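Hi everyone, thanks for making the time.

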Amino acid sequence: MINGPSRRALIAGTFASLAIPSSAAAAERGGLPSRPNIVVILADDLGWGEIGVQGQRLISTPNLDRMAAEGVRFEAAYSGAPLCAPSRCALLTGLHAGHGTVRENPEGGPQLSLTDADLTFAELLQLSGYRTACVGKWGFGPEQPDQVSHPNLRGFDEFFGYIGHRHAHQYFPEYLWHNGVRVQLDGRSYAPHLFRERAVEFIQEGGEDPFLLYFATNLPHSPSVIAGDAGPYEDRPWSGPNRRHAAQVARLDTDVAALLRALRDAGVAERTLVLFTSDNGPHREKGVTPRLFNSNGPFRGDKREVYEGGIRVPLIAWSPRLRPRVVKQPVASWDVLPTLADLAEAPVPAHLDGISFRGLLTGAGAPQHEHLVWNRPRKAQAIRRGRWKAIRFAPNIAGAGPDGRIELYDLAADPGERLDLAPARPDLTDELMIALDESIGPDPRIPYGLKTQISGNEIVVTLHNGSTMPWNEVKLGLDGLRKVRAHTVARVDPGMAIAVGFQLPARSRGRVMVLADFEAGGRPQLFRKVHRTNTFPADVLAR
């Protein structure tokens, strides 16, 4: 580690040389503007086959179908896991469930959480100057403010919604969280409606900086609850849960339309990329029967299963700047973080499982995964390499015997995973099991980004280069202070860090903006981070 001097930097000068890049003035690449606004829409338990463009015939989804027709539709998109928490962890952090912090749902135990070691795509874009918001279901506990797993500490300037996993099952909640404040409700407000309203307001707020909106609705998760009746599905000859489930999917479709309309009305659609996907396959809970809707399309299995139906999900990318196309190359939700880093022109963190699929959006092509991995500890694991997919069940799980069971499928010839080829191809099965075992282990990442700490009357700023390339001409400093000058280091190599102490400024009032200006890969970078705390020394707060 490179340790910069922990001392007061009082040399006359300013930090005015650190200028935030302007996305409006930046050159366009491959049909997308430089540093576009990003909207990530995450449905909850929406099956691959529950939208019209992928074969749905009973539920109408005209807005998602239009979005797919105008944008890029990925036929072989995968979630991070066949159930909620580990899938969301993979989406946010770029690690599959064999490496990520959260690898399973609470299911009878405590709510699993992100940690201070996690770097989410929101933290990365926030560092790079994006305005960020999470609206809807966070899904990681504990349900309290000022803890490291809270969205505000994982990169989101604003959060409105459910913190915990189980709370999100309440469609008419008694309360929701706005940042660190628990907001009491009357129990008669439909949460998805509140989420749509706040998301539209966030888009309308505008500003000079690009924005990231993570819209994580809880539709159409069980229970099958809708505001009012089931609309056009009320008189269908189905069970009540199935009618309301169909109405939930239709409501999700109109929510997507409302966000796209807000982008157009705000005049920012041309500068925005929207990604729509789901956290896992369709559920069969509380009376819903996915077979009625053919919710998993041609695939076997559904939520909680590592068969294709449990992990194959819709993925649509939309922007007026994209040309319509269908992508057959497999991608996974852990590819989202490196893709967003690529779009934001920020250095991509090292040792991720994900690969940027930016080139697939524009038709330029992108590297392919050697293999994709899914991990349900003590239950089931799966690996896909090319056309081949192997599944390993733990002992006494899903009908497996005391020694477990391994299955092998040729997805090119058998996408429904009906013909188990493991007995006929033991060599290939063993080879895939070795690759699977090698893919599961501890978190491989290294620290990345800006960290701040108060020490006496100083704020210590540490910049970690957690990327794959050196960062050159690094300047660290505080924003807008005439008596503080940047500290400069010529080079910080991957895996290394620089730490510098600055005297806490007068009139900070518990808020200080720290900045890092550097060059990476021939591209100028500006990272910024706001340090907010009530633990500033009393003499500083009194200045």
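Let's begin on helix α1, on the face turned away from its buried side: that face carries the exposed residues R66 and A69. Before I go on, please keep in mind that this is a predicted model, in which local features need pLDDT of at least 70 and side-chain atom pairs count only at pLDDT 80 or more, while totals for chains, interfaces and linings use all residues. Residues are numbered from 1 along each chain as its sequence is written, and side-chain values use heavy atoms, with hydrogens and water left out.

A word on terms. Exposed means over 50% relative accessible area, buried means under 20%, and partly exposed is in between, with a 1.4 Å probe and protein chains only. Helices are DSSP runs of H or I with at least four residues, strands are runs of E with at least two, and both are numbered from the N terminus.

Back to α1, residues 62-70. Its buried residues are L64, M67 and A68. Seen down the helix axis, they fall within an arc of 95 degrees, so they line one face of α1; that arc is taken from the directions from the axis to the C-beta atoms. The background is simple: an α-helix has 3.6 residues a turn, so residues three or four places apart point the same way.

Most residues other than glycine have a negative phi, and most peptide bonds are trans. Where do we find exceptions? N294, which is not a glycine, has a positive phi of about 50 degrees. N294 sits in the loop between α6 (290-293) and α7 (308-311) and is partly exposed, with a relative accessible area of 43%. E345 has a positive phi too, near 60 degrees. The loop that holds E345 runs between α8 (336-343) and α9 (358-362), and E345 is buried, with a relative accessible area of 11%.

Then there are the cis peptide bonds. One goes from L219 to P220, with omega near -5 degrees, and another goes from S222 to P223, with omega near 0 degrees. P220 lies in the loop between β8 (211-216) and α5 (240-265), and P223 is found in the loop between β8 and α5 as well.

On a 1 Å grid over the protein atoms alone, a cavity is a set of points where a 1.4 Å probe fits but cannot get out, and a pocket is an open set with protein on both sides within 12 Å along at least five of seven lines; lining residues have an atom within 4 Å of a point. Points are joined across faces, edges and corners, and a volume is the space filled by probe spheres set on them.

The largest pocket has a volume of about 1,600 Å³. Of its 46 lining residues, the closest to the centre are N152, L153, K529, V530 and R532. Strand β23 gives the most to this lining, with five residues.

How many cavities of 30 Å³ or more does the structure hold? There are two. The largest cavity has about 70 Å³ of space, and among its 13 lining residues Y78, T277, L315, A332 and S333 lie nearest the centre. The second largest cavity has about 40 Å³, and its lining includes Q329, D335 and H369.

That's my tour, thank you!
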